[in-house]
Amino acid sequence: MSWGTELWDQFDNLEKHTQWGIDILEKYIKFVKERTEIELSYAKQLRNLSKKYQPKKNSKEEEEYKYTACKAFLSTLNEMNDYAGQHEVISENMTSQITVDLMRYVQELKQERKSNFHDGRKAQQHIETCWKQLESSKRRFERDCKEADRAQQYFEKMDADINVTKADVEKARQQAQIRQQMAEDSKADYSLILQRFNQEQWEHYHTHIPNIFQKIQEMEERRIVRIAESMKTYAELDRQVIPIIGKCLDGIVKAAESIDQKNDSQLVVEAYKSGFEPPGDIEFEDYTQPMKRTVSDNSLSSSKEGKAELKFGGKSRGKLWPFIKKNKLSLKLGVTPEDFSNFPPEQRRKKLQQKVDDLNKEIQKETDQRDAITKMKDVYLKNPQMGDPASLDHKLTEVTQNIEKLRLEAQKFEAWLAEVEGRLPARSEQARRQSGLYDGQTHQTAVTNCAQDRESSPDGSYTEEQSQESEHKVLATDFDDEFDDEEPLPAIGTCKALYTFEGQNEGTISVVEGEMLSVIEEDKGDGWTRIRRNEDEEGYVPTSYVEVYLDKNAKGAKTYI
């Protein structure tokens with residue numbers, strides 16, 4: 001099958017068909033190009049989606065990713081990012097291996113088609129020119145023959161006419177011969193041109209046109225093969241990323257299988273465990289005893305004991321839970337103390353340990369920098385042409401100072417950490433003894449005051465009004481204590497400021513390192529100690545910033561039993 005023999009007379013249709021083939025190829029190129037744009041857009045959307053749900057740096061959300069479920073979700077986001085990368089690979093490969101290649105091939109194809117059909121038109125024009133020459137020769141031969149016949153007939157007519165002179169007859173005869181010769185010449189010319197045309201026509205339809213159409217056929221078949229190869233490449237490029245996409249999906253499945261609900265539950269315990277023991281039983285407070293008084297001494301004595309127990313019970317209500325009362329101050333301040341004393345013991349230990357670890361990392365980093373500067377300085381000393389050793393002194397001094405500051409800071413936090421972990425038993429034991437002493441003396445003072453109020457009548461007799469007044473005092477004191485609105489407290493000791501503290505928040509007081517102040521309320525487990533300056537200025541300071549000296553004989557001081 002050859003277009004040259006089968007379609008020798010379909011030049012125009014072949015021209016239209018080959019143009020249609022180029023249009024199909026350009027349409028396929030456009031399709032692949034739009035597919036690459038879709039892949040890029042899809043990859044971009046996947047990356048944006050993955051980025052949108054990534055945890056933000058240094059945020060609370062980042063801390064949540066310690067749980068296995070959150071880690072699995074983070075792995076899913078990372079795998080989706082890689083998944084998007086494979087779609088970018090598809091787009092890039094299709095662009096380079098299909099789109100760009102086919103666009104270049106289309107230009108070559110158009111040029112080749114133009115050249116082939118130009119040769120075809122040239123051959124067509126040549127055969128048409130030969131045909132025109134043949135027609136012209138034929139018409140001339142026909143015309144010469146007719147004129148020769150007319151000249152011959154005129155000669156014969158003249159020759160038959162007896163009235164015509166011999167000269168006229170001769171002239172007619174010569175004219176007839178000339179026309180006859182012209183006819184013979186035209187015949188010979190027409191025969192030659194006809195023979196030549198037949199030869200040209202045979203070569204045109206059996207050689208030139210078949211060769212040209214064969215080239216066009218081969219060009220068209222190459223176009224078809226090229227589209228087929230491009231379609232195979234199109235599918236193969238998709239197939240190449242399937243194993244990697246499969247690995248991404250396997251990674252998501254593996255991440256899902258790594259989720260451990262028990263481990264997450266344990267992390268919740270570690271994150272929120274306070275380290276406190278659950279509160280004990282609440283003692284029964286008998287409010288009916290004051291109503292059962294009699295005039296006897298036994299009745300009076302029982303009433304005194306009841307009031308003393310009431311007073312002590314009222315004070316004990318504030319100690320049911322370590323953070324019910326005093327932590328209201330920390331919430332009001334809205335800041336976190338440097339030693340994290342507003343946290344429960346277990347959480348405070350973790351915070352301090354993390355701070356110590358961070359400081360050690362910074363110290364190591366600064367130490368490495370110092371060692372690098374020292375080595376560089378040694379190099380400069382050995383090779384002065386490389387640099388001035390003195391130019392590194394300032395930087396070396398600065399790094400050394402930073403290391404010293406960081407070490408002091410680390411020592412401070414290590415001391416707090418050691419205190420929390422119980423590695424400083426002396427201070428903790430002393431605080432517990434002082435705390436017990438203060439509680440005991442408060443109890444005794446309450447009982448004594450209650451007894452004095454009951455016996456305060458001038459004649460030594462007991463009166464109901466005095467009893468009620470004393471009872472109201474006790475209850476009012478308890479009520480005020482419940483809402484942190486106490487009367488001015490007596491000093492229970494002194495303290496020395498170990499560090500300077502800027503009390504910029506409500507309820508705090510500023511102190512200067514080395515300053516001596518009065519202690520009016522001990523640290524009750526929340527990391528704050530209440531102090532007073534000059535009898536008119538008082539507030540809270542971090543317990544770790546002061547060294548407390550309690551006076552065991554002072555009124556209101558606690559007694560350790």
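**Figure 1. Trp131 in the predicted model.** A residue counts as buried under 20% relative accessible area, as exposed over 50%, and as partly exposed in between. Trp131 has a relative accessible area of 42%, so this residue is partly exposed. The structure shown here and in the other views is a predicted model. Trp131 belongs to helix α4. Its C-alpha atom is separated by 9.3 Å from that of Ile193, a residue 62 places away along the chain.

**Figure 2. The protein as a whole.** The protein is built with twelve helices and five strands. It has 561 residues, of which 33% count as buried. Take the contacts between residues at least 6 apart in sequence: 74% of them join residues at least 24 apart.

**Figure 3. The largest nonpolar core.** In soluble globular proteins, nonpolar side chains tend to be buried together. The largest nonpolar core of this model has 31 residues. Leu25, Met94, Ile98, Phe213 and Ile216 have the most contacts inside this core. Helices α2 (11-52), α4 (68-160) and α5 (166-257) each supply at least two of its residues. The largest share comes from α4, with eleven residues. Another core lies apart from this one and has 15 residues, including Val541, Tyr545, Val546 and Leu550.

**Figure 4. Leu25 and the residues it touches.** Leu25 is one of the residues with the most contacts inside the largest nonpolar core. Leaving out residues up to four places away in sequence, Leu25 touches Leu102, Tyr105, Val106, Leu109, Arg223 and Ile227.

**Figure 5. Helix α10.** Helix α10 covers residues 393-420, which makes 28 residues. From its first C-alpha to its last, α10 reaches 41 Å, close to the 40 Å expected at 1.5 Å a residue. The buried residues of α10 are Leu396, Val399, Ile403, Leu406, Ala410, Lys412, Phe413, Trp416, Leu417 and Ala418. These buried residues pack against α9. An α-helix has 3.6 residues a turn, so residues three or four places apart point the same way. Just after α10, Gly422 takes a positive phi of about 85°.

**Figure 6. Ala415 on helix α10.** Is Ala415 buried or partly exposed? Ala415, which lies in helix α10, has a relative accessibility of 37%. This value falls between 20% and 50%, so Ala415 counts as partly exposed. The C-alpha atoms of Ala415 and Ser544 are 9.7 Å apart, although the two residues are 129 residues apart along the chain.

**Figure 7. The second largest pocket.** The second largest pocket holds about 860 Å³ of space. It is lined by 21 residues, and those closest to its centre are Glu63, Lys66, Ala271, Lys351 and Gln354. Which elements give two or more residues to the lining? They are α3 (60-63), α6 (261-272) and α9 (345-382). Helix α9 gives the most, with six residues. By class, the lining has seven nonpolar, four polar and ten charged residues.

Methods:
Residues numbered from 1 in each chain as written. Predicted model: local features only at pLDDT ≥ 70, side-chain atom pairs only at ≥ 80, totals over all residues. Heavy atoms only, no water. 1 Å grid on protein atoms, 1.4 Å probe; cavity = no way out; pocket = protein on both sides within 12 Å on 5 of 7 lines; lining within 4 Å. Points joined across faces, edges and corners; volume = space filled by probe spheres on them. Helix = DSSP H or I, 4+ residues; strand = E, 2+ residues; numbered from the N terminus. Nonpolar A, V, L, I, M, F, W, Y, C, P; charged D, E, K, R; others polar. Expected span 1.5 Å × (residues − 1). Buried < 20%, exposed > 50% of the residue type's maximum accessible area, 1.4 Å probe, protein only. Contact = heavy atoms within 4.5 Å. Core = buried A, V, L, I, M, F, W, Y, C linked by side-chain atoms within 4.5 Å.
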